[in-house]
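The following questions and answers concern a structural model. Please consult the sequence and coordinates shown here.

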Amino acid sequence: MAVNCSDAPSFRNVTMWTTIPRRLLIVTFPPFKIRLIAMNSLKGVHVRVVLTFASITLLSGPLPAESIDVSKPLQALRQVMPHGEGHRAAMSAWQELAQADAAQIPEILEGMTGANRLAMNWIRAVVDSIAEDTIKSGNGLPTDALEQFLGDRRHDPRARRLAFEWLERSDPSARARLIPSMLDDPSLELRRDAVAFALEQASLLADNGMKSEAIQKYRATLSAARDVDQIEAATKALSALGVEVDLPAHFGFLTRWKVVGPFDNSNLTGFAAVFPPETSIDLEAQYHGKLGKVAWTDFTTDDKYGMVDLNRAVGKHNGVTAYAFFDFVSSSERNVELRLGSINANKVWLNGVLLTANEVYHTNTKIDQYVAPGRLNVGSNEILVKVCQNEQTKDWAQRWQFQLRVCDKTGTAVLPESQP
Amino acid sequence: MIRILLFASFLYGPATAFADWPQFRGPGGTGVAAKANPPLTWGNAEDEENVIWRRDLPGRGPSSPIVIGNHVVITCSSGVEQDRLHVLCFDAMAGEKRWERQFWATGRTLTHPTSANAAPTPVSDGNAIYAFFSSNDLICLGLNGDLRWYRGLGNDFPKAGNDVGMSSSPIVVHGTVVVQVEAQGDSFVAGVDAETGETRWRIDRRPEASWSSPTVLSRDGADETTVLLQAPHGLTAVDARDGRELWKYDASCSAISSPVVSQNRIFLPSNGLTALDMPTDSTSAQFAWNASRLRPGAGSAAVHQGKIYLVNDAGVLVCGDTATGEVLWQLRLEGRCWATPIVTDERIYVFNSDGKAFVVQQGEKGAIIGRSDFGESIQGTPAVSGDALYVRSDRHLWKIASKGPSR
């Protein structure tokens, strides 16, 4: 036997340390043919190939994989939990699953449904590995089955996107054939591609003088878009065609707030401190603030991204805390996401329940920086935002602000009855 | 038979033909490739002067390439939210892509526009690749791309992260992957079992942003278990096997550039640069000297043959004496450098963030003997293997070497 996978070196023969693709090494030793399967070892894939002076040929061709029972190893991957729990079982299960035939990729993708975010990545890696090896070996992927999987929106959005990406590798026509119909797709990555395609179409219509058709196309595109850059592109194009878009309403930013402050945040104590608005909301009350008595006042932002500048609303201070309140009237009981952007330390409550708390000052900010799921009641819902400013005096540390929108899990605005 | 052997060698490439560059700043984290002889100038497109190959990358990232045998590994991140993570492996000789794995980030992905989720440099122990991202996703892959394990440290600790981006690069010490995750939220250093991905130990750190990378404290290049953790409040030495604190050195340190260990000294970016003599027992390192004029900018210092080389925030390459901290010479270059200089026996290779490269001849004074321009931003420190540079620019991975038989 001229192939040795042990770790102990031997120099009796011509040796070569190398790394080989899983399942891809065949050693022929006429009249025998030996397939290396030792790569299941946790030790990895370093293999010492010992070439004797016998007639040995290394072929870099794949063995046809066989269908295996994927249910048990998939279950092991799905049981990976935080802090490394489930790793040992998952490691051997991954190697077992990687032996599956490419025809089983849809079955493996199915395993992503309901999987946690860690398990999703374990499963994704196995799909990528099988698909990549299959293509490298010159074989095709199961394009019909992948397209069928992609077309079923009950599957996990990320699993469908992955199916699309491998489908496209085998069938370059898939993009033009399938993407245009995905403007409302639950996969935001597929939807993004569809929006990009629609923006190009709308631009062509505008370039050809078909103004009303272009406006119609841009409106549909804007309605579908969820990413800021694409929303801005559609809005700008519509503006050029004479159509103005209410961006805060499109995003679902809340713009009409009650604000109160400043309360103290000297030495960063304000973030943990419980000031009266956290205990109960009384819009008629007066409180002892950092610099004297404070009361709720109205503040409406005209920023197109709903940014509430507390330096304007409350006054320019350092080492302070402010609260903003919004009475969100909902016509239905429903799950929503409260999405906050703030460069300051912050907390958000919905109906007295703390949804998110972030004690971070002046790193960065963006729309939807902090996403917190919550549930709206029918009728009035109290949204309370706490924003703390620290005592840094440098120019770049003077922003004291937040923006908040309510939307569903795909980013579609959920507007209050009390704000058009 | 000879033909077969040659064929097999061509296919798989014996690792001995290439010198490994397994981590951020290379072996030992010193930025030194002593015997390497990369070219002095090169072009900025494939098939141009001394460009052996150039490959498109599917995403961005300030991370550096690493080299393990004939494998060149690089990380990228892509997507409108920078939440798609890529680990790619290229054949060092031919530049062909061997494999690519993609994942979905489980932690925070927001970074400053000039950075990206793929900021930390991966590390390898020769057996596996450990790729780390700003989102605190830690991925272990075999050299053939097989997934060994996947940890979402940002998933486990959702407040871990910094929305301008994290960039500390991991190291592997005695079978433990050490990651330094220091931010205003969940702030910690963890030792993760390289074999299984399970946490061996975790120590809380001050909730204070730091981008420095952990460094092994190696005496005379020996195999050691002590890891240095630099943060704005000082330097802490811990045992990689259990996370036990061994000693501390209180000082105001840079939050960005990392310490260098060489010649039994620790060169700490503190008030410029502070040299510490390694402790011989469990007591703290001892102060040797401080040089305020040896002040690294965003990159770190490189130390070789009794000299320190660093680029300061003004884009000046400064050479200092490791024995005294005396500045020996200075040379004004251009722009700002995020990359740490690469030092050979003869030259210093400097790469600025505009993509310009300078080759400086060592001597009584530094002298520029080569200039090149990649035409796109460079933030990662290049890797060196043999006489080749592996450079990661914003959108490409390059192999730069003389187009002769000796490469």
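Q: Which residue in β21(B) is the bridge partner of B:L276?

A: This is a predicted model, in which local features need pLDDT of at least 70, side-chain atom pairs count only at pLDDT 80 or more, and totals for chains, interfaces and linings use all residues. Residues are numbered from 1 along each chain as its sequence is written, chains are lettered from A and ligands numbered from 1 in the order in which they are written, and side-chain values use heavy atoms, without hydrogens and water. Strand β20 (residues 273–277) of chain B pairs with β21(B) in the antiparallel sense over 5 bridges, where strands (E, at least two residues) and helices (H or I, at least four) are DSSP runs numbered from the N terminus and pairing requires at least two DSSP bridges. In β21(B), the partner of B:L276 is B:F287.

Q: Which strands are the edge strands of the open sheet in chain B?

A: The sheet has 4 strands in the order β18-β19-β20-β21, with antiparallel pairing. Each edge strand pairs on one side only; they are β18 (260–262) and β21 (286–291) of chain B.

Q: Is α1(A) parallel, perpendicular or oblique to α2(A)?

A: Helices α1 (residues 71–78) and α2 (residues 87–97) of chain A pack at about 140 degrees, with their axes 8 Å apart. Axes are lines fitted to C-alpha atoms, for helices over the stretch in contact, and angles run from 0 to 180 degrees between N-to-C directions. Angles under 35 degrees count as roughly parallel, over 145 as roughly antiparallel, 65 to 115 as roughly perpendicular and the rest as oblique. The angle therefore makes α1(A), relative to α2(A), oblique.
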